[in-house]
Amino acid sequence: MNAAPVETLELLPATPPRQLFVLLHGAGGSAVDMLDLATLLGEAFAEAAIVMPEGVEAIHLGKTERHWFPAFGLTDANQAERVAQAVPALARFIREQQERFGILQTDTALAGFSQGATMALALSDQHDGLVGRVLAFSGPYAAWPDKAPALTTIHLLHGQLDTVVPARLARQAYAELMALGADATCDIASTVAHELHPALMEQAVHRLQTCVPLRFWRSA
């Protein structure tokens, strides 16, 4: 993302929205890739505004693709730094959408697939509480968090057959989060590869509808 207006695909309710979902596509993809998830969320949360921004155009292997940060491959030694540099623009975009729709941070959820999930997890680390929930589909942390987010619930969703981002990374991330005392869940679908599979999307909706954030219990 940059300072220019961000191109978006949107699903908006007929009445003023009460929730906000921001969905981030994977590397080399586009906002259209998130439409199935957006449709499912729209059916489950009829009063939600769902915004799907397009990533930044970049040249990769001789062709133009859309990405969230200029890093390719999980072994890129500079990936964590590049992700961290890209997060402020994402945070600014989310704040703009919250102001636009009059939505509280607690009523905002950020979901991402693959590279989009990496961005969502990084945002939860740098800007705890900017969104109430993060849904990370098939994407790893660029750098392990050194503290638990106090105001953001993390939902990790992954395919056991994923050969692009191995499922062990999701399990490891969940273990790290639990050790830090975070509010997090982890769901691994046994027959799913590296894809935004209906089983994972349906489980994400189930988590949103049934998981009461621990911070509410702790403050009671």
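Q: What makes β6 and β7 count as paired strands in this predicted model?
A: Two strands count as paired when at least two bridges are found between them, and five bridges join β6 to strand β7 (residues 133-137), with the two running parallel.

Q: Why is the crossover from β6 to β7 called right-handed?
A: The term applies if, with the strands pointing away from the viewer, the path from the first strand over the helix to the second runs clockwise. Here the chain leaves β6, passes through helix α3 (residues 115-126) and reaches β7, and this β-α-β crossover is right-handed.

Q: What makes β6 a mostly covered strand?
A: A residue is buried when its relative accessible area is under 20%, and in β6 (residues 108-113) six of its six residues are buried. In a regular strand the side chains alternate between the two faces of the sheet. In β6, Thr108, Leu110 and Gly112 point one way while Ala109, Ala111 and Phe113 point the other way, and all are buried.

Q: How do you know that β2 and β6 are paired as well?
A: Strand β2 (residues 19-24) and β6 share five bridges in the parallel sense, where at least two would be needed for pairing. Leu23 stands opposite Ala111 in β6.

Q: Why are β1 and β9 called edge strands?
A: Seven strands form an open sheet of mixed pairing, in the order β1-β3-β2-β6-β7-β8-β9. Within that order, β1 and β9 (184-189) each pair on one side only, and they are the edge strands. Neighbouring strands of this sheet are turned by 15° against each other on average, direction ignored.

Q: How do you know that β8 is covered on both faces?
A: On one side lie Thr153, His155, Leu157 and Gly159, on the other Ile154, Leu156 and His158, and all of these are buried.

Q: What makes β8 a partner of both β7 and β9?
A: Five bridges join β7 to β8, which run parallel, and Leu135 has His155 as its bridge partner in β8. β8 and β9 pair in the parallel sense over six bridges, with His158 opposite Ile188 in β9 and Gly159 opposite Ala189 in β9. Helix α4 (residues 167-180) lies across β8 and β9, running at about 160° to β9, and β8, α4 and β9 make a right-handed β-α-β unit.

Q: Why are the buried residues of α1 said to line one face of the helix?
A: The buried residues of helix α1 (residues 35-44) are Leu37, Ala38 and Leu41. Seen down the axis of α1, its buried residues fall within an arc of 100°, so they line one face of the helix. On the other side of α1, Asp36 and Glu43 are exposed, a term that requires over 50% relative accessible area. The cover over the buried residues of α1 includes β2, β6 and α5 (198-210).

Q: Why is α2 called roughly perpendicular to α3?
A: The axes of helix α2 (residues 79-101) and α3 come within 9 Å and cross at roughly 80°. Angles of 65 to 115 degrees count as roughly perpendicular, and therefore α2 is roughly perpendicular to α3. Residues that meet between these helices include Val83, Val87 and Ile94 in α2 and Met119, Ala122 and Leu123 in α3.

Technical notes:
Residues numbered from 1 in each chain as written. Predicted model: local features only at pLDDT ≥ 70, side-chain atom pairs only at ≥ 80, totals over all residues. Heavy atoms only, no water. Buried < 20%, exposed > 50% of the residue type's maximum accessible area, 1.4 Å probe, protein only. Helix = DSSP H or I, 4+ residues; strand = E, 2+ residues; numbered from the N terminus. Arc of directions from axis to C-beta. Contact = heavy atoms within 4.5 Å. Axes fitted to C-alpha atoms, helices over the stretch in contact; angles between N-to-C directions. Parallel < 35°, antiparallel > 145°, perpendicular 65-115°, else oblique.
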